[in-house]
Amino acid sequence: MVKYVVKKGRVFWPSKAMKKIAWANSEKIYKEASESPAKFWAKAANELFWFKKWHKTYEQSRLRPWNFRWFVGGKTNACYNALDIHLPEKANQTALIWIPEPEKEPDQNYTYEELHELVCKAANMLKSIGVRRGDIVTIYLPMIPELIISMLACARIGAIHSVVFSAFSSQALKTRLLDNRSRFLITADGYYRRGKLIKLKEPAEQGARGTAVEKIIVVNRARRKIRLKNNEFWWHLLMEEQPLSCPAEELDSNSVMFLLYTSGTTGKPKGIIHELGGYMVHAYLTAKLVFDLHENDVMFCTADIGWITGHSYACYGPLFNGITSIIYEGSPDWPSWKRFFSILEKYNVTVFYTAPTLIRMMVANRLERLLARFKFEKLRILGSVGEPIDEETWLWFFRHVGKSRCPIVDTWWQTEGGGVLISSLPGIGPFIPGVAGRSFPGVNHLVLDEGGRPVSVGKEGYLVQASPFAPGMLSGVWRNSKLYREKYWSQYHKYYFSGDGAYMLKGKLFRITGRVDDVIKVAGHRLSTAEIENAINKHPLVVESAVVAKLDKIKGNVPVAFVVVNKKKKNIEQDIIGLVAKEIGPIAKPHIVYVVPDLPKTRSGKIMRRVLRALMLNETVGDVSTLVNPEVIGQIERIVKV
Ligand code: PRX
């Protein structure tokens with residue numbers, strides 16, 4: 001079997017075989033890209049289809065560096081680039097494979113031609129209910145083909161999609177609908193997860209109540225027999241009536257392609273704006289170079305499309321590159337891990353992209369012996385994303401899934417970035433456990449101290465991106481330009497502030513240490529402590545609360561809540577956990593709720609989370625001279641110890 005990596009000391013490098021096939025296999029690419037990033041990205045853009053070529057590749061305001069645009073004046077269409085361009089040569093090649101969770105349901109394959117036809121019909125369906133260019137369509141769907149079809153249909157007609165993770169609660173959906181004011185919602189009657197039917201129509205309906213939503217399309221995925229209201233339509237019935245062709249609109253490169261809500265430091269998720277031209281080129285090129293995609297590749301990205309990873313590497317990136325993407329409806333360990341690994345084997349997956357949490361679950365379940373029964377002959381590249389991966393987990397993944405043959409690309413990026421920003425490239429390397437790699441060609445990151453000075457090699461600091469900003473970077477926050485400037489640009493003005501801590505190592509390699517703000521990554525899902533606190537504070541007996549992150553062996557981090565109540569009540573902890581699940585979703589549930597008499601505060605009323613964190617971990621609390629209520633330390637200590 002072909003070996004794609006060789007080991008030298010603790011570092012892995014691409015083998016000759018890998019170098020031979022890789023698109024990027026020498027330093028030249030970094031050199032050329034850094035000499036002229038605009039030229040570099042323009043070359044990639046030229047590999048895609050444009051109705052009209054851009055007249056300016058990149059422009060940026062000198063006084064307001066956060067105002068920058070890519071491919072100005074260009075006209076294109078993301079759906080056309082995902083599907084139509086492949087039709088002449090790849091009409092019969094598989095574009096998408098969907099694996100439903102229930103084993104008795106057959107997998108579904110869609111060729112490029114079939115997917116194109118469905119997307120055209122869906123685009124006509126959207127038009128038939130009144131969706132026009134520039135309208136926002138919120139998509140609240142599980143991992144089913146209709147999710148990808150809906151996104152592409154929006155992209156085809158220039159509607160802006162705003163996907164909401166299907167495991168978010170009705171309240172979380174409502175928050176997003178109230179912010180994006182969309183008049184159209186696409187959802188499903190339900191889906192399967194861990195052998196259970198999960199109803200989706202009901203939370204969708206609840207979420208839409210009191211918002212601007214006028215019409216709802218419902219996919220009959222679970223074949224539930226429910227009655228729809230006047231403004232609700234079955235997907236399959238509407239689709240029946242639609243013509244097979246639908247022209248792809250000629251859209252401005254700088255028009256908004258989609259919104260994706262993500263958690264920040266505030267209590268409310270923010271709608272990250274991605275523009276068409278830049279996002280498209282970034283997703284296309286990073287998919288091509290980071291996963292080294294070639295004809296006949298089969299990519300399995302396990303991220304839910306409700307998150308950015310799924311947008312870029314389960315939907316757009318693979319399709320822009322004309323390869324096959326696999327999506328799976330269910331949970332990886334259901335009905336068994338064997339089923340999950342059989343997907344990789346059966347479909348000859350060549351690129352497997354997943355999150356450290358999932359790998360840690362494999363480790364905890366001791367799947368070495370099960371994995372030894374699989375050869376994964378065609379597997380070439382492994383990828384990790386969403387949270388830092390520790391050395392042990394990296395090596396386990398490398399050995400047992402990658403069979404010590406495949407490089408691991410540890411990709412660092414964010415919802416805001418649209419696509420990978422830091423990673424090693426398969427044909428260049430190096431692959432070092434715990435080290436993400438270099439900035440993607442044409443992108444430049446630095447590690448700065450508080451004052452904006454670069455820290456020396458091997459010292460921790462804040463990770464920032466320098467101009468020219470990568471094409472996939474957000475262009476703003478929906479209806480909140482102030483927040484956009486404050487969150488990303490106020491710290492260093494001319495640099496984009498990522499919110500992550502990092503070390504720069506020799507060779508401009510980055511080791512990412514994780515968030516330095518109040519964002520918490522739970523099993524790779526991005527949540528904010530303020531959002532969880534807001535949910536907890538809705539409880540009538542809660543006076544105030546503070547949420548801190550606690551390290552967890554599998555999930556990376558879990559939220560822990562400290563809560564002050566005005567009246568004791570039995571099982572209030574359970575009430576609070578239930579409330580968070582209702583307000584945000586089960587992923588945000590606090591692992592532990594401590595009811596405490598007071599929270600440690602400074603004179604100005606700021607809650608000292610650092611102290612809570614130390615108490616929770618049974619560590620020394622350090623300097624507490626600024627506390628107004630030092631007596632709480634002992635009280636909380638006693639509660640936490642029980
Ligand atoms: O803290 C970093 C972490 O995930 C954050 C971004 O989360 P989100 O917007 O949900 O996007 C996740 C998928 C792109 C980052 O600020 N993160 C992402 N990838 C890595 C990572 N931390 C360490 N290593 C990574 N490879």
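## Getting started

Helices (H or I, at least four residues) and strands (E, at least two) are DSSP runs, numbered from the N terminus. This is a predicted model, in which local features need pLDDT of at least 70 and side-chain atom pairs count only at pLDDT 80 or more, while totals for chains, interfaces and linings use all residues. Residues are numbered from 1 along each chain as its sequence is written, and side-chain values use heavy atoms, with hydrogens and water left out.

## The chain as a whole

Let's begin with the overall picture. The chain has 21 helices and 35 strands. Its radius of gyration, taken over C-alpha atoms, is 24 Å, close to the 26 Å given for 642 residues by the globule rule (2.2 Å times the number of residues to the power 0.38), so the chain is as compact as a globular protein of that length. Along the principal axes, the C-alpha atoms of the chain fill a box of roughly 75 × 65 × 60 Å.

Of the 642 residues, 62% count as buried, meaning under 20% relative accessible area with a 1.4 Å probe, protein chains only. Contact means heavy atoms within 4.5 Å. Among contacts in the chain with a separation of 6 or more, 72% come from residues 24 or more positions apart.

## Around the ligand

Now for the ligand, which is surrounded by 17 residues, each having a heavy atom within 4 Å of it. The closest are Thr411, Thr415, Asp500, Lys521 and Arg526. Helix 12 (308-320), strand 23 (408-411) and strand 30 (509-515) each supply at least two residues of this shell. By class, the shell has 6 nonpolar, 5 polar and 6 charged residues; here Ala, Val, Leu, Ile, Met, Phe, Trp, Tyr, Cys and Pro count as nonpolar, Asp, Glu, Lys and Arg as charged, and the others, Gly among them, as polar.

Some polar contacts (pairs of N or O atoms within 3.5 Å) can be followed atom by atom. A polar backbone atom of Gly386 is 3.1 Å from a nitrogen atom of the ligand. Polar side-chain atoms also lie by ligand oxygen atoms: one of Asp500 at 2.4 Å, and one of Arg515 at 2.8 Å. Taken alone, the ligand exposes 540 Å², and the protein buries 98% of that, by the Shrake-Rupley method with a 1.4 Å probe.

## A look at Glu105

Finally, a single residue. Glu105 sits in the loop between strand 7 (94-99) and strand 8 (108-111). Its relative accessibility is 17%, so Glu105 counts as buried. Leaving aside neighbours within four places in sequence, Glu105 is in contact with Trp98, Pro100, Tyr192 and Arg221.

Key
Buried means under 20% relative accessible area, exposed over 50%, partly exposed in between (1.4 Å probe, protein chains only). A polar contact is a pair of N or O atoms within 3.5 Å; within protein, one must be able to donate a hydrogen and the other to accept it, and residues adjacent in sequence count only if both atoms are side-chain atoms.
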